Amino acid sequence: MSARISRPVTGFLALALITAILALDLGQSGAPDLFTAPPAFAFGSGAAPEGAHCTGG
Amino acid sequence: MFLQRATVLLIVLGFTLFAFVMAGPRAGLLVLVGLGFGLVLEGLRFGFAGPWRMIVTDRDGRGLLAQLIAIALVAVVAFPLMAGSGGELVPAHAPVGIGMILGAFVFGAAMQLVMGCGSGTLVNAGSGNLVGLIALAGFIAGSFVGTLHLGWWSSLGSLPVISAQGSFGETGGLVLTLAGLAIVAVIAFLRSAPGKRIPPRRLWIAAVLIAALALANLVIAGQPWGIVYGLGLWGAKIAQAGGADLASTAFWAAEGNATRLAESILTDVTSLTNIGLLIGAFAVMRWRADPGAQTQALTLASYGAVLLAALVLGYSARMAFGCNVGAFFSGISTGSLHGWVWLVAAFAGSILGIKLRPVLLRPRISGGAYA
C-alpha cells in the first residue's frame with residue numbers, strides 16, 4: 001500500500017476491477033438476449049420502465 | 001502522448017460499442033451518459049462531498065450552489081416531462097423513515113472520511129485516486145450487505161411515500177421544490193464568505209451539463225440517475241459467484257431485483273452509467289499531460305479506516321434509499337420528500353465526518369492529519 005502507485009496505474013486497476021466484475025457476470029448470467037432488449041428511449045416507448053433504482057426496496 | 005490518448009479513445013469507444021452490441025442501443029446510450037457524467041465531474045471538478053466540506057470549513061458555498069442550480073434545472077424539465085409521459089418515466093421517490101434518516105446521517109459522515117460520495121467514489125477510483133479505489137471495493141461490499149438488512153431497517157417505522165407533486169399537484173409541486181432549493185441557496189449564500197458566494201464559470205457550465213445528462217438518463221432509462229443499486233448488484237453477483245444463496249433473501253427474491261440478479265449487469269441501468277462514469281473519469285485523467293500526484297500516503301491503519309468507512313458508506317446508502325445522487329440529486333429534482341430529509345440528515349452527518357477526518361486519517365509521514 002504505497003503512495004508510489006501512480007494515478008494511471010491505480011486507474012487501470014479500477015478498470016481491471018470493473019472488467020473482472022463484468023467477466024464474472026457474463027460467466028454467470030450469459031450475454032443479454034438482444035431480441036428482448038428495450039427500445040433506445042424509454043420516453044415514447046409506450047412501456048413502463050423495468051429498471052431498478054436506489055430508491056426501490 | 002498520442003499513443004496514450006489513442007488508448008483512452010480505444011477504451012471509451014470500445015466499451016460503448018461493447019455495450020451496444022451485447023445489450024442493445026439503450027445500453028450503449030446509457031454508457032455514453034455515464035461517460036458524460038465522468039467527463040464533467042472529473043474534467044470540471046464538480047463534486048458533492050467536497051463542496052459540503054468547503055462550506056463548513058472554508059465558508060465557500062460555490063460548489064453547493066452549483067449543485068442546487070443543477071437540481072433546479074432538472075426539476076424544471078423533469079416535472080412536466082414525467083407528468084406527460086403516461087408512466088414511461090418514473091421519479092425517484094422513497095419513504096421517509098427512521099432507518100432512512102439514520103442511514104443518510106451515517107452516509108454524510110462516512111463520505112467525508114472516504115473523501116467521496118456515491119458518484120465521487122467512482123470518479124476518484126477512475127481518476128487513479130488510491131483512496132477512491134479502496135473505497136470503491138468497500139462501497140460495493142457495503143451496499144450489497146445493506147440489501148440483506150434493508151427490510152429490518154424499514155420495519156423500524158416509516159411514513160408512506162410523500163411527493164411534492166402528489167401533495168400539491170404538478171405545478172404546485174414544482175414551485176414548492178424550486179422555492180425549497182432557493183431557500184437552501186440563500187442559506188448557503190449567507191453562510192459563505194464574500195468572494196466565495198458566486199460559482200465560477202466552470203461550475204455553471206458543469207451544472208448545466210450535469211442537468212442535461214441527468215435528463216438524458218431519465219429519458220433513456222425511464223428513471224432518474226442513480227448509483228447505489230448498481231454497486232449493490234455487483235456485490236450480489238460476487239457473493240453469488242462465491243456460493244451465496246440470495247434467492248432466500250427478501251431483497252433479492254423480490255421480482256424486479258431477482259430479474260436484475262439473474263440477468264447480466266449490461267441490462268442494469270445504474271450499472272451501465274456507473275461503468276461509463278468511472279471510464280469517463282479515467283479518460284480525463286489519462287488525457288491530461290500530467291495526471292497529477294497520487295493522494296497523500298496514509299498509515300496502514302488509516303487505509304483500514306477508509307475501507308471500513310466505505311463499507312459503512314455503501315451500507316448506509318442502502319438504508320437511506322440512495323446516496324447523494326439517487327436520494328439527494330434525483331430525489332429532490334423529481335419531487336420526493338425523502339430527498340429533502342436526506343439532505344438535512346446527511347449534512348448533519350457530514351459535519352461529524354469533517355470532525356472525525358483528522359482523527360481517523362493520518363498521513364504516513366508524522367506531523368499532521370489528512371487535509
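**Core, contacts and a spread-out chain**

In this predicted model, the largest nonpolar core holds 137 residues, and the ones touching the most other members are B:A104, B:F107, B:A110, B:V114, B:L278 and B:L313.

Q: Which helix gives the most to this core?
A: That's helix α4 of chain B, residues 62-83, with 13 residues.

Q: What makes B:A104 count as in contact with B:W342?
A: Two residues are in contact if their C-beta atoms lie within 7 Å. B:A104 and B:W342 are in contact, and B:A104 also has B:A320, B:A327, B:A345, B:A346 and B:G349 on its list, leaving aside neighbours within four places in sequence.

Q: Why is chain A called more spread out than a compact globule?
A: Set the value against the rule: for 57 residues the globule rule gives 10 Å, but the radius of gyration of chain A is 18 Å, well over that, so chain A is more spread out than a compact globule. Its C-alpha trace spans about 55 × 25 × 25 Å along the principal axes. As for secondary structure, chain A has one helix and zero strands.

Q: What share of chain A counts as buried?
A: To be buried, a residue needs 20 or more other C-beta atoms within 10 Å of its own. Of the 57 residues of chain A, 30% count as buried.

Q: How many residues of chain B are in contact with chain A?
A: 67 residues of chain B are in contact with 43 residues of chain A. On the chain B side, helix α10 (residues 228-241) gives the most, with seven residues. That side divides into 37 nonpolar, 23 polar and seven charged residues.

Terms used. Residues numbered from 1 in each chain as written. Chains lettered and ligands numbered in written order. Predicted model: local features only at pLDDT ≥ 70, side-chain atom pairs only at ≥ 80, totals over all residues. Helix = DSSP H or I, 4+ residues; strand = E, 2+ residues; numbered from the N terminus. Nonpolar A, V, L, I, M, F, W, Y, C, P; charged D, E, K, R; others polar. Rg over C-alpha atoms; globule rule 2.2 N^0.38 Å. Buried ≥ 20, exposed ≤ 12 C-beta atoms within 10 Å, placed from the backbone. Core = buried A, V, L, I, M, F, W, Y, C linked by C-beta atoms within 7 Å.
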